[in-house]
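I opened my notebook for a friendly look through this one. Here is the model I worked from.

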Amino acid sequence: MSESTALKELQEKIDRNFKLSDKGKKIVEKVLSFDLNLDRINAITNLIIDTRLDNDSLVAFLVYQLYKIYPKEGEELEKSLNQEEQKMVEDYKTIQDINQLTLSEEIEDIRRMFLVMSNDMRVVIIKLGGIYYDISILNLPLDDSQWRFVKQVKDIHVPLAERLGLDKLKQNLYDNVIRLEHPDEYRRLKMTIESHREENEKQLAITKERIQKILDDLKINGEIVCRIKHISSIFNKLHNKRVTLDQIYDILAMRVIVDTVEECYSVLGRIHSIYKPMAGRVKDYIASPKPNGYKSLHTTIIVENQHPLEVQIRTKEMHRESEFGGVCAHWLYKEKKDKKSDFDNRLTWFRQTIENAKSMSNEEFIETLKSDLYDGVIIVQTPKGRVIEFPAGATAIDFAYAIHTDIGNSCVGAKINGAIKPITTTLCNGDIIEILTSSHSKGPSRDWLKYVKTSGARAKIKAFFKTELKDDNIRLGKAMLYQAMQDKGFTVTQLMTEKYNSEILKRYNMDSLDELYAAIGSGSMTAGQVASRYANLYNNDNIVLPKVDTVVHLKRNKDGVLVDGDSGMLVRFAGCCNPIEGDDIIGYISRGRGVTIHQKNCQNLKYLERERLIDAQWQVKEGATFSATIKVIATKSDNNIGRLTNLITSLKINIKGFDAKDVGDSFVCTLRIEVKNKAELDSAIKSIRNLKNVTEVYRSERW
């Protein structure tokens with residue numbers, strides 16, 4: 001598509017979906033007249049439309065895109081925006097492009113994201129759309145900063161999108177994480193799904209026609225939507241539930257969207273009258289919604305091809321909540337709201353996260369955030385009916401601190417559903433909790449940190465020890481750190497030099513050693529962790545690397561041991577990439593283990609210290625052999641194994657390992673073979689590729 005055509009289609013899309021004022025239209029036209037990344041703008045505009053964000057969101061987003069490339073023109077156009085749009089543009093500037101930051105900058109940027117989120121969720125939703133675009137255009141191999149970006153998307157932004165209820169965006173983000181982190185499995189799953197696509201689409205069409213007849217007979221004006229499960233969802237079930245592909249019953253799904261709850265149950269009854277439901281797979285999330293508020297009727301039926309198909313039946317309102325988590329309704333706020341929505345109440349978590357983060361180090365903030373984002377959710381109540389949301393596993397201590405800091409500091413027990421229970425009791429969905437306090441309480445115990453699940457309770461307990469018992473914490477923390485250093489075999493004078501102290505304080509963003517001691521004494525940091533950082537600094541300064549010339553020449557000595565031909569130093573092959581003669585290689589000088597040889601394209605090189613890398617050349621004598629792994633994927637057949645092993649034998653190549661299994665309609669085989677060099681391996685792969693039924697052959701790094 002030409003750029004002019006893409007620009008025209010984008011403009012038409014904006015005109016169709018937004019009722020802009022004349023001023024707004026002129027601003028959009030002005031922005032789009034510049035040379036900008038139209039693919040990115042188009043992708044995020046689609047998200048703004050999907051989540052039903054307002055005109056201000058679109059205009060502010062477009063002006064910020066202009067500002068990023070043409071700051072002067074962007075700032076000039078920003079002056080013509082209304083007050084709300086200007087505030088959004090400033091918020092966009094606050095949150096930077098995370099895939100261009102250092103690690104410490106990334107953490108600070110996440111803090112800023114949560115700060116903005118607590119004020120205007122629209123900005124963060126659009127930022128998440130930008131993150132999705134950025135990860136969707138990445139392709140292997142990745143450099144260090146790109147891998148760090150992928151990890152942050154996985155650890156923070158995928159669960160954050162889920163917490164916000166942006167299910168579609170969450171799935172798209174996670175699909176790309178799987179694509180980059182597990183390329184082989186992603187490719188296999190995609191191939192398996194594609195191989196069944198025609199059959200599945202035919203079956204979906206048959207079932208859709210029969211369910212449409214049910215709607216017509218019941219005179220229900222409904223919509224039927226078909227979908228094939230996201231690869232990331234299939235990947236998760238395969239790994240987390242330890243099931244096979246055949247045991248995943250919702251790869252195919254159909255959503256029936258109607259107007260009322262009564263129509264949902266009517267449709268469910270009629271579907272069961274013509275299709276047999278699977279036992280244990282009928283679930284009523286309307287009568288008993290999930291803790292995050294999800295509502296729908298689910299049933300898995302056996303359809304005409306004797307395969308399972310999941311049908312979800314819900315109202316239009318339930319569907320909007322499922323897809324966008326209340327975001328749509330929340331931001332259609334031009335009319336004044338008399339009371340808070342469920343989505344408004346859920347934003348409380350983000351505000352509490354920012355408040356609690358003020359007293360945390362960067363490292364502690366990220367670890368706490370990951371924990372809070374990944375945990376499941378339970379709903380409990382006060383005796384007066386106030387509903388509070390907690391992560392699964394939360395205790396009465398978490399509840400006490402959620403009510404008030406003073407309540408938490410003086411609590412001695414709890415009444416849960418009318419029965420007196422210990423303060424460490426784990427809460428369950430629907431519990432009614434009353435906290436028992438005492439004016440004679442001496443405050444929280446350090447042991448409470450083992451039981452709390454929320455960052456708020458943890459931060460308040462630590463704050464108590466930091467402020468109330470600061471002198472004691474300093475003395476205790478100092479003694480704990482000194483002991484930890486001695487346990488690691490060092491003296492305090494070896495490690496606590498002015499240089500190392502300065503680096504450690506900078507690492508933890510602290511001003512003095514007393515602050516460091518107090519953090520250890522209060523439990524905010526562990527003495528072992530800090531001592532390890534000191535020890536690493538000492539080791540890096542004091543361990544001498546072995547001397548190697550500018551190039552490693554691979555040779556074998558009289559005993560057949562691989563050595564550097566010039567120095568005679570021991571050389572070994574990296575198990576992560578298993579190089580063979582003919583590969584482009586590089587050496588890594590290790591401490592006490594000689595030189596390790598990697599392929600130049602080995603993904604693990606990004607984790608190694610660059611200054612230790614050294615050129616390497618092959619000089620292996622004739623007759624040497626190497627182990628290599630080949631993955632073979634073929635359509636299922638009775639004689640796949642026989643044809644494959646016969647071919648390898650005919651090539652006079654030894655087989656050192658063999659693993660074969662059926663995955664759906666595909667045959668997947670992993671071969672460990674012994675070859676002389678890369679040319680022999682490439683020849684073997686070419687021969688296997690010509691076998692009947694073989695669809696894909698490639699070299700794998702690992703067995």
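I began with R281 and E310, and both are buried (under 20% relative accessible area; exposed is over 50%, partly exposed in between, with a 1.4 Å probe and protein chains only). Their side chains form a salt bridge, 3.7 Å from N to O, where the term asks for a side-chain nitrogen of Lys or Arg within 4 Å of a carboxyl oxygen of Asp or Glu. R281 sits in the loop between β3 (276–277) and β4 (283–284) and E310 in strand β6, so the bridge ties together parts 29 residues apart in sequence. Helices (H or I, at least four residues) and strands (E, at least two) are DSSP runs, numbered from the N terminus. I also noted a network in which D54, E84 and R122 are joined by salt bridges that share partners.

A note on the source: this is a predicted model, where local features need pLDDT of at least 70, side-chain atom pairs count only at pLDDT 80 or more, and totals for chains, interfaces and linings use all residues. Residues are numbered from 1 along each chain as its sequence is written, and side-chain values use heavy atoms, leaving out hydrogens and water.

How many salt bridges does the rule give? I got a count of 17. One of them pairs D50 with K168, with the closest N and O atoms 3.3 Å apart. That pair links distant parts of the chain, from helix α3 (residues 38–50) to helix α10 (residues 167–181), 118 residues apart. D50 has a relative accessible area of 25%, so I logged it as partly exposed; K168, at 40%, is partly exposed as well.

I then looked up K213 and D217, whose closest N and O atoms are 3.3 Å apart in a salt bridge. Both lie in helix α12 (residues 197–217), four residues apart, about one turn of the helix. K213 counts as exposed because its relative accessible area is 52%, while D217 is partly exposed at 44%.

Back in strand β6 (residues 308–315), I checked R314. Is R314 buried or exposed? R314 is buried, because its relative accessibility is 1%. Its side chain makes a polar contact of 2.9 Å with that of Q312 (a pair of N or O atoms within 3.5 Å; within protein, one must be able to donate a hydrogen and the other to accept it, and residues adjacent in sequence count only if both atoms are side-chain atoms).
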